Amino acid sequence: MKNIYLDNNATTPLREEVLEAMMPYLRESYGNPSSVHSFGKKVRQAIEAARETIANALGVTADELYFTTCGTESNNLALKGVAFSKIAEKRNKIVVSSIEHPCVQQSAKYLVNKGFNVCFLPVKPDGIIDIEVARREIDENTLIVSTLYANNEIGTIQPVAEIGKIAKANGALFHVDAVQALGKIPFKVGEFGADMLTVSAHKIYGPKGTAALFIRKGLKLEPLMHGGHQEKRMRPGTENPAGIIGFGKAVEEVLMDLEDGTIERIRSLRDRLQDNLLSRLDEVKLNGHMELRVPNTVNISFKYVEGESLLLMLDNKGVAVSTGSACSSGSLEPSHVITSMGIPAEVAHGSIRFSLSRYNTQEEIDYAADAVVEVVNKLRDFSPLWEDFKKSKQ
Ligand code: PLP
């Protein structure tokens with residue numbers, strides 16, 4: 001039985017070097033980093049070293065980096081921490097894109113109930129935020145603009161530098177969700193002037209349960225939790241030392257992947273998969289901009305096919321992929337990202353995301369492509385709509 005994992009935007013396997021770096025902090029070095037004795041001090045030092053590594057990688061200072069438990073928490077803290085702070089006394093508009101991860105989308109919707117005015121910026125058919133609309137919508141009443149850097153479903157890279165400039169010009173804060181960008185494209189926070197930025201360990205071969213939020217020095221957010229002095233009271237609660245140390249190691253290693261040809265190998269495997277599928281199957285559509293896309297992601301709509309059925313049949317063949325559909329109240333909603341690009345719901349329903357990692361091989365990619373072609377053809381054989389389509393072409 002094959003075991004081919006092509007769902008790395010959901011989460012990545014833990015890197016061996018990361019696990020090794022974490023182990024001592026799960027076994028012998030178990031002190032509480034807040035303790036002043038040697039057990040605590042040793043762990044504190046390792047946490048601060050990890051903070052330094054991650055801050056350096058992002059081009060920020062260590063005291064601007066706050067550890068959290070996940071990207072979802074960092075994004076909630078960025079949006080709500082600003083909305084509940086004194087900064088919000090004079091402005092009440094929140095601008096986010098229409099292809100945000102649900103944690104930003106839902107935080108923004110929640111803030112509508114708290115009296116904020118939320119604008120969802122549309123994307124163009126290529127899945128890139130419409131900058132002209134951004135220019136119109138971001139104004140002097142805008143408190144915060146939040147956009148992802150790379151989209152998790154289609155991989156499109158957003159014009160964060162341009163959006164940052166518009167936000168700045170209007171005196172608005174700028175938050176970037178870089179969860180899917182870190183380790184896939186090189187960047188430093190200074191390149192787009194973000195006031196806040198989210199990263200998460202488990203998307204870069206690090207452990208689950210650890211993430212960070214960069215908060216520019218001087219910016220005073222309202223914490224969402226109250227307790228001890230950890231993370232300068234911005235995020236109280238005993239830290240997760242093994243997780244944080246693993247995160248530091250994961251960042252260090254993934255930056256090397258960007259330089260030593262690993263990311264280019266991933267890109268060529270992704271392109272091989274994409275070319276294989278687009279050339280062998282009719283009525284398929286690549287979703288999102290061809291070039292402005294992270295190297296590991298390809299999202300394809302297979303017309304006349306139900307994405308969930310395709311996913312389950314591929315799983316039976318040992319190939320793990322994902323659809324952007326959200327199972328809500330018993331009905332399958334098509335992905336908001338795909339429909340935001342103007343793709344009709346029935347086509348969006350047949351969309352599949354393939355997201356690769358440094359561990360995928362050419363043999364796996366070729367097996368996966370063969371499996372997709374076989375399953376799509378099989379599903380279409382059962383589809384009366386496909387029959388009608390074929391007749392209409394005769
Ligand atoms: N933002 C983006 C773009 C993501 O892809 C994800 C996870 O898929 C998150 C935020 C949430 O991160 P986490 O899973 O660490 O909560």
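The largest cavity lies between domain 1 (4-12 + 261-393) and domain 2 (16-257), because both give residues to its lining; the domain bounds come from an automatic or database domain assignment. This is a predicted model, in which local features need pLDDT of at least 70 and side-chain atom pairs count only at pLDDT 80 or more, while totals for chains, interfaces and linings use all residues. Residues are numbered from 1 along each chain as its sequence is written, and side-chain values use heavy atoms, with hydrogens and water left out.

**Cavity**

- A search of the whole structure finds one cavity of 30 Å³ or more, a cavity being a set of points, on a 1 Å grid over the protein atoms alone, where a 1.4 Å probe fits but cannot get out.
- The largest cavity holds about 120 Å³ of space, a volume being the space filled by probe spheres set on the grid points, which are joined across faces, edges and corners.
- Its lining consists of 15 residues, of which Gly 183, Lys 184, Lys 203, Tyr 205 and Leu 356 are the closest to the centre; lining residues have an atom within 4 Å of a point.
- Helix H7 (241-259) and helix H8 (262-280) are the elements that give two or more residues to this lining; helices are DSSP runs (H or I, at least four residues), numbered from the N terminus.
- By class, the lining has seven nonpolar, five polar and three charged residues, with Asp, Glu, Lys and Arg counted as charged, Ala, Val, Leu, Ile, Met, Phe, Trp, Tyr, Cys and Pro as nonpolar, and the others, Gly among them, as polar.

**Ligand shell**

- Around the ligand are 13 residues, and Gly 71, Thr 72, Asp 177, Gln 180 and Lys 203 come nearest; a residue is near if one of its heavy atoms lies within 4 Å.
- Helix H3 (residues 71-83) supplies the largest share of the shell, three residues.
- The shell divides into three nonpolar, eight polar and two charged residues.

**Ligand contacts**

- An oxygen atom of the ligand is 2.7 Å from a polar backbone atom of Gly 71, a polar contact being a pair of N or O atoms within 3.5 Å.
- A ligand oxygen atom is 2.8 Å from a side-chain N or O atom of Ser 200.

Definitions and conventions:
Polar contact = N/O pair within 3.5 Å; in protein donor to acceptor, adjacent residues only side chain to side chain. 1 Å grid on protein atoms, 1.4 Å probe; cavity = no way out; pocket = protein on both sides within 12 Å on 5 of 7 lines; lining within 4 Å.
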